[in-house]
Amino acid sequence: DAFNTAVAAASELNAFIVTTPDHATAAADAVDARREKGEDLGKMGGVPIGMKDLFATKGVQTTAASHILEGFTPQYESTVSQNLWDAGAGMLGKLNLDQFAMGSSNETSYFGNVSSPWKKDGTNAAMSPGGSSGGSSSAVSARIAPAATGTDTGGSIRQPAAFTGICGIKPTYGRCSRWGVVAFASSLDQAGPMARSVEDCAIMLEAMAGFDPKDSTSLQMDVPGWEAGLDADLKGKKIGIPKEYRMDGTDEEILKSWEQGKEWLRDAGAEIVDISLPHTKYALPAYYIVAPAEASSNLARYDGVRYGLRDLPDGAGLQDMYAATRAAGFGDEVKRRILIGTYVLSAGFYDAYYTQAQKIRTLISQDFSAAFGECDAILAPTTPTASFPLGENQDDPLAMYLNDVFAVPASLAGLPAMSVPAMLNADGLPLGLQIVGKPFDEQGVLNAGLAIQ
Ligand code: GLN
């Protein structure tokens, strides 16, 4: 009954693409059996989680919210999902997302928009749960799932977490294996947990992370005991406030929540210091060159032969089949990224765009390295605004990309970064704060998050 009630709520929000009650039930039964035998229940024993539909799940349709992968049923399990099942978790279903994880509002899914459970006070308009992990943020904030997986290429864990008043952490690039995760921009893609508390994120990240020889960029490092290391006492820690993040277009309420965040961290014993990240303003344009470039290459594999959809017009040759399949299978935003990506990688424009963007990426990393000489972690807003009604930014891709302005620098530098709920704005909508940490210092990020939540 509880499951059916949850399913009804979830279908109103359109959070799930498919539900898998048998999977979650099997995990619950397995925990019962282990308990009876007095065995260890596992780090996530019996916990029913939602799985972003970007992770390959054996025998369960995996679509990346695209038409081109509709009906694709992998014969293998992604490393991250396998790690979660090994820790005892079960799957409630595959969660909706922006198509191929491209978007900031969950309006690019082939399976329809996802709504946030939050509404502006006194209105009934459906609000965006953020994106691309919008099914994850919606389901967790609506209490349909206690936790969900997300992926973050340029903010897709942090921005939806901020929009829906939950926590989400993108670990250091390489902590979670990319094997079996549908690729968007491989040098940026990272999986991470989305949950109601910092503690739950720490537990789930421990279960998800770990070296994987099947991912060539996987970190060969042990997974620390992040849960055991949680400590909200920040005495002796310096928290940096980057002056370049005070940008035009940031809502007054966001700046206010940032001020409040400083206070909370000071109360927890931290010293607040001013820092500079001088190349911040180039991060967004660099991201929107690097990410589409890699995407255009990664999406070449959807050719109508190897996966899912095949559109074969009568009498068509191979090229016609490619064209027809890709025209029918990819949504508008995905096509936009492929066009931008192939353009910036083309022989005539490569140096002007892609090479420049890569140089900016290096400068941004150097900015962070220098700043971390002066502080242990950085506090910033997660987004420049609170959530907006579905449809409001849909026709303006550039306005949509601006959502990611505070999120992409940490992505380009591969740094761990978390969003934690800060407060509600005057409309009763949640606002998030972001903590960015040194490479491999998820613990520092989680601890500062704990002091804020
Ligand atoms: N919103 C960003 C984009 O559309 C980030 C997406 C993501 O992190 N997957 O590219």
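Biologist: Which residues come nearest to the ligand?
Modeller: Keep in mind that this is a predicted model. Of the 13 residues around the ligand, the nearest are A101, S104, T153, G154 and S156.

Biologist: And how does that shell divide into nonpolar, polar and charged?
Modeller: The shell around the ligand has four nonpolar residues, seven polar ones and two charged ones.

Biologist: Switching to Q99, where is it found?
Modeller: Q99 sits in the loop between β3 (90-95) and α4 (134-141).

Biologist: Is Q99 buried or exposed, and why?
Modeller: Q99 counts as buried because it has 28 C-beta neighbours inside 10 Å. Leaving aside residues up to four places away in sequence, Q99 touches A64, A65, S66, T108, S109, Y110, G331, E333 and V334. Q99 and L54 are 45 residues apart in sequence, with their C-alpha atoms 9.3 Å apart in space.

Biologist: Now helices. At what angle do α7 and α14 cross?
Modeller: The axes of α7 (residues 252-267) and α14 (residues 442-452) cross at roughly 105° and come within 8 Å. That angle makes α7 roughly perpendicular to α14.

Biologist: Which residues meet there?
Modeller: From α7, G261, W264 and L265 meet A448, A451 and I452 of α14. The residues of this contact are five nonpolar, one polar and no charged.

Biologist: Last one: how many residues of α8 are buried?
Modeller: In α8, 13 of its 16 residues are buried, so the helix is mostly covered. At 1.5 Å a residue, α8 (residues 283-298) should span 22 Å, and its end C-alpha atoms are 22 Å apart, which agrees.

Key: Residues numbered from 1 in each chain as written. Predicted model: local features only at pLDDT ≥ 70, side-chain atom pairs only at ≥ 80, totals over all residues. Helix = DSSP H or I, 4+ residues; strand = E, 2+ residues; numbered from the N terminus. Expected span 1.5 Å × (residues − 1). Buried ≥ 20, exposed ≤ 12 C-beta atoms within 10 Å, placed from the backbone. Axes fitted to C-alpha atoms, helices over the stretch in contact; angles between N-to-C directions. Parallel < 35°, antiparallel > 145°, perpendicular 65-115°, else oblique. Contact = placed C-beta atoms within 7 Å. Nonpolar A, V, L, I, M, F, W, Y, C, P; charged D, E, K, R; others polar. Near = placed C-beta within 6 Å.
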